[in-house]
Amino acid sequence: MGKRSRQRQKNQNASRDDRDNAGWGAGYADIIKENKLFEDYYKEQGLIPEGEFDQFMEAMREPLPATIRITGYKSHAKEILHCLKEKYFKDIQELEIDSQKIEAPQPLSWYPDEQAWHTNMSRKLIRKSPLLEKFHQFLVSETESGNISRQEAVSMIPPLLLKIESHHKILDMCAAPGSKTAQLIEMLHSDMDVPFPEGFVIANDVDNKRCYLLVHQAKRLNSPCIMVVNHDASCIPTLQIDSGGMKDVLFYDRVLCDVPCSGDGTMRKNIDVWKKWTTSNSLHLHGLQLRIAVRGVEQLAVGGRMVYSTCSLNPIEDEAVIAALLEKSEGALELADASADLPGLKWMPGVTSWKLMTKEGQWFSDWSEVPSSRHTQIRPTMFPPKDPEKLAGLHLERCMRILPHHQNTGGFFVAVLVKKAPMPWNKRHPKVLPTNIPDVPRLLPEGSAEETEDGGPGGRGDGETETAGAPLAQEAAGKQDAVCGPPPSKKLRVFGYKEDPFVFLTEADPVFTTIQSFYDLSPDFPKLNVLTRTHEGKKRHLYMVSKELRNVLLNNGERMKVINTGVKVWSRNSDGEEFGCAFRLAQEGIYTLQPYIRSRIIRVSVEDIKVLLTQENPFLSKLENDAHAQAKQTGMGSIVLKYIPNPNDPSEPQCPIQLCGWRGKTSIRAFVPRNERFHYLRLLGVEVFRDKQSLGQKSRDGAKEAAAAGKGGELENGDGNGSLEPKTEGGNKEQQQLKDTKGAVAD
């Protein structure tokens, strides 16, 4: 090893040790947490209560606590909370490391039902204790299976203030990486007995690559009511839907407008902001933030709510945007009073006066003071309204600013807007792009703006109103220099990745013939909601969306760029046809699909599930008598394994469990991804963990059958006795995941 390599390795090890002493996600230990411009700016603005500025700066320099949120819509959220409190938190309370008592995780006082928790444990501390290591593995595994989300505390606030109901149509304008989107989906599915809520979430992001991160987050929740799209939020297309045989404009009941910002509220987590922060960041972003907010309220239904939020404390990005938006609305919008919506949350009311500062340190209190040479960087909308009466009527004090030192969080700003009437530049419905104009590209890329309503203020950097009434073709041809003008159509070929089509099946599609009879689907099964991703060849996977999302997809396929939608419900397998059906059930969509399945369901007990999840292809005789009898009466092929809780036995999980399985000739197996296996085993009281090298298992004293299944050797299987496994698309992956389960189980 050369001298440079040794030095590089030494530096890497040193920086890793520094990070270990910080909270989870901390890094950049070599960055000095000082920025005089930042301190001078916020002292002058007077946002921090008198006498608290030193506390504020001290909190900004401390690592941010790690926060987790238990997925709220799943019926076993209570079981996960019980597992956390009884198995981990109770033991951690009594733990001492290096003669120091460990502070146990605490619930966020303002988050409902103790579904969110925070902890100050560092990586180094976690590595010192096997108990904390197991707790960390539990969090990682449950996060991957979608039952827990790692999310910053203040980031959880906007979805709560939206007050989501299951029938709401929701637009998340700047959604990536997707933690807030996940919350919105959970709220739609608050009633697990309803497989298809009437509402849906359309999650958008301008960055094509970040859209796939968004897909990954949403996929964990297995919802048929989420669609990920890729557009510039400041000119996201107006969509249309079919309503009683007529085309109508889609307006959203709820809009989440979490705009790009300078991020100075995230300094505790993103430490490089300390050296990069300058006042010019907010000046550059203000125009974009206002355009996105304007576009959001344009798409909002009258009576709907929009939450505007940033992770910046800067009034230029916060109150200035809200004030400009309210002024432009001419009474169509009002700030809602959300002070009572989150009891326990500490926040500061919005301010009504603020100043601008350039990066050179020059201050401006009013637009009239700004020299003409700076008019391109500084706009009138960045200043508070002059008229005291008008300013008081805006009720900017209803905005909420969360300061880091009040509840040991990041910095955040949030405002709740209610739409009372159509926007003044939109007294009639917005235009929907005709699909028969040859000069205009039909699939609009991220920069298109045909949907800016009647030339509304969404089209310019400073938010000024464009001239209304320009012909559509002329508008598309003439806006070459505007932010929202569509580029030449040839650029469509290189805009991101080419997506497979979304093709809905007809009720008469031949694939339904065998599926219908094999699974005995109920007459109300919505066949029209089933789609595939190919026009030609064999259908590999079948997906389902809600009726409302189907409506959106069918009427806007060439108007928007859809990245992903639907939940997988069936996958083709090569052996299925000889048993009567070429498609096996997919675990991702089992909770969506199962209410419509009337046959091939085997009721199983807790002990049956333990066997199925810890052994590969156990013999049918391994099941308890009731399940064994049902399995013998069921033909070979794909099955549903269903556990129904017994309310008279509180020692067992009090939530339903449904697993996809395969009935072989003499054996049976569960088709469940590894992390979901671990999740269900934990619910059943089986402790699951892996050592740091993922090479084996640490079994506790007295481990019986479950541990025996994992003792370093091969798991039991019935392959040699006539078990027929489905050879599926991706089947090897599932088999490998099942093998990964061995060596990770201790009873």
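Predicted model: local features only at pLDDT ≥ 70, side-chain atom pairs only at ≥ 80, totals over all residues.
Helices are DSSP runs of H or I with at least four residues, and strands are runs of E with at least two, numbered from the N terminus. Local features need pLDDT of at least 70 and side-chain atom pairs 80 or more, while totals for chains, interfaces and linings use all residues. Residues are numbered from 1 along each chain as its sequence is written, and side-chain values use heavy atoms, without hydrogens and water.

The second largest pocket holds about 1200 Å³ of space and has 47 lining residues, with Glu152, Pro177, Ser179, Lys180 and Lys269 nearest its centre. A pocket is an open set of points on a 1 Å grid over the protein atoms alone, where a 1.4 Å probe fits, with protein on both sides within 12 Å along at least five of seven lines; lining residues have an atom within 4 Å of a point. The volume is the space filled by probe spheres set on the points, which are joined across faces, edges and corners.

Helix 4 (residues 77-93) packs against helix 21 (residues 674-683) at about 70°, with axes 10 Å apart. Helix 4 is therefore roughly perpendicular to helix 21 (65 to 115 degrees). Axes are lines fitted to C-alpha atoms over the stretch in contact, and angles run from 0 to 180 degrees between N-to-C directions.

How values were computed: Parallel < 35°, antiparallel > 145°, perpendicular 65-115°, else oblique.
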